[in-house]
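Here is a short tour of a protein model, written to be read with the structure open beside you.

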Amino acid sequence: MTNSAQHVIGGKAVSSDRSDALEIRNPATGTVIGSVAMSSVELADDAVAAAASACPAWSDTPIGDRVQVLFRYKTLLEENISELADIVVQEHGKTKAEAIGSVRRGIDCVEFACGAPALIMGRTLPQIAVSTSFCRTEDEGGVGIDSQVDRVPLGVCVGITPFNFPVMVPMWMWPMAIACGNTFVLKPSEHDPFSTMREIELAHDAGMPAGVLNLVHGGPDVANRLITHDDVTAVSFVGSTKVGEHIYKTASAAGKRVQCMCGAKNHSIIMPDANREAAVDAILGSAFGNTGQRCLAGSVVVCVGDSADWIVRGLIERARNIKVCSGSEENADMGPLVNDAAKQRVLHYIDKGIADGAELVLDGRDADMPSTGCFVGPTIFDRAEPEMSIVREEIFGPVLSIVRRPSLEDAVDAVNRSEYGNMAVIFTDSGHAARKFQRTVQAGMLGVNVGVPAPMAAFPFAGWKRSFFGDLHANGEDGMRFYTKSRVMVTRWI
Ligand code: NAD
């Protein structure tokens, strides 16, 4: 298949007005599968104009009618889940099972947004005061005053999304935004545009009115135009910390409401009393699932006491047997990295880990894997330390570092030294240890005896520290609050 990714503006597929195009390759084979022509900033302006012109009618559409589009969309997603997952496998490199799982989590967000009428409902407090001026008779004792608060849409919202979940992450944003009565312009990652394009096409097949949901492909120039555009009111971003911090500062300075879900370096603490088999299994899934390209990847394990002895042994034994191959192969456990630049970054970090003195106990460069494509096998460093770059920095690949500490307090201290705070988990049989961890660790998403504590769509998703810039998180009630503003009314009938 060779494709050319199109923009979707005002309900129509639009070709790019620029001649430069980025080639999209299947990272498992290196084969070119299509290209994406970047939008110009003028085309991005057209998308905002389409969203702005669709906004009054859409925000006036009864919310029950608005969510009907999402109900139909959910059915279409269920019918097309395998096809969508195949596109993700082809352009991103996930295994088919991972791709299906990621689309499924996106569908969860659509389902949650279908419930927007219950979430967005206002609140009233009758008889909040009594007014005695202008009342007809003194006997009446005054006129009652009522008060209410409504939640109303913001206007045109923008979403800027990363490559690693090209179907799911956009669905953290636009379904709730449009259910709440906003219109939307999405700029997905330029590295895997076809899955997101199909996601948006299906939304139009479900009856999305023209201009309510627009898509422009592009790089930083387009993103920067969108986040400062006069007609845009809110910006949601998911991606790296470096870019997220820039987006947060720039868009806030331009007066936008902003939420930026950013990079991570997640730690898992293993207590000596943990269930060994379950801990090894969960750590493997967390560190090497999605080839480590996940903001919830548990890429550092902090072993307390003698847990290091069995965990390191268990991880090496199991990680050696992970089948590394194209995600489209039936028995694939782990696919390639997204592109060659990502592979080179991971190889660079392996060199850094060795140079910094960590002990390379499983070398992913020697794994049994295809010789072409962007593959690196599961890699494990033992005896790493918090100041090493393999522990401090986000590698975004299948590299797991093990830090050894004598006590839970020392382990939590090692976790809290990270500049990031997306997630942290503990494996233990002790309620006391789990509670202490929960109360002292600095991260926004915590887990006990689970490898990837990904909140389901009804709960807010975001981290702390440099993993998040903003106030309201993605998904859950936070999502509805982000995409609406409150309006208070005080009423007196004379
Ligand atoms: P990225 O920051 O490189 O790109 C994200 C988006 O920003 C893309 O759409 C890109 O085109 C745009 N962009 C890039 N440079 C820009 C610039 N200078 N100005 C304006 N826009 C710019 O991220 P990525 O490599 O696509 O994705 C991986 C990152 O995303 C990782 O750091 C990962 O942890 C993070 N992530 C975080 C979460 C979360 O919930 N915290 C979820 C998924 C991914």
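## Helices α2 and α4

The crossing of α2 and α4 is left-handed (the near helix is turned anticlockwise from the far one by less than a right angle; clockwise would be right-handed). Helices here are DSSP runs of H or I with at least four residues, numbered from the N terminus. Helix α2 covers residues 63–79 and helix α4 residues 96–114, and they pack at an angle of about 160° with their axes 9 Å apart. That makes α2 roughly antiparallel to α4 (angles over 145 degrees count as roughly antiparallel, and those under 35 as roughly parallel). Axes are lines fitted to C-alpha atoms over the stretch in contact, and angles run from 0 to 180 degrees between N-to-C directions.

On the α2 side, the contact (heavy atoms within 4.5 Å) is made by Val67, Leu70, Phe71, Tyr73, Lys74, Leu77 and Glu78, while α4 brings Arg104, Ile107, Val110, Glu111, Ala113 and Cys114. By class, these residues divide into 9 nonpolar, no polar and 4 charged. Ala, Val, Leu, Ile, Met, Phe, Trp, Tyr, Cys and Pro count as nonpolar, Asp, Glu, Lys and Arg as charged, and the others, Gly among them, as polar.

## About the model

The model is predicted, with local features needing pLDDT of at least 70 and side-chain atom pairs pLDDT 80 or more, while totals for chains, interfaces and linings use all residues. Residues are numbered from 1 along each chain as its sequence is written, and side-chain values use heavy atoms, leaving out hydrogens and water.

## Helices α14 and α15

Now move along to helix α14 (residues 408–416) and helix α15 (residues 431–440), which pack at about 30° with axes 11 Å apart. The two are therefore roughly parallel to each other, and their crossing is right-handed. Leu408, Glu409, Val412 and Asn416 of α14 meet Ala433, Lys436 and Thr440 of α15. This contact has 3 nonpolar, 2 polar and 2 charged residues.

## A pocket and a cavity

The second largest pocket has a volume of about 220 Å³. Among its 16 lining residues, Arg320, Ile322, Val324, Ala367 and Asp368 lie nearest its centre. The lining has 9 nonpolar, 2 polar and 5 charged residues.

The whole structure holds 3 cavities of 30 Å³ or more. About 80 Å³ of space lies in the largest cavity, which is lined by 13 residues, with Gly292, Ala297, Ser299, Glu394 and Phe396 nearest its centre.

On a 1 Å grid over the protein atoms alone, a cavity is a set of points where a 1.4 Å probe fits but cannot get out, a pocket is an open set with protein on both sides within 12 Å along at least five of seven lines, and lining residues have an atom within 4 Å of a point. Points are joined across faces, edges and corners, and a volume is the space filled by probe spheres set on them.

Conventions
Parallel < 35°, antiparallel > 145°, perpendicular 65-115°, else oblique.
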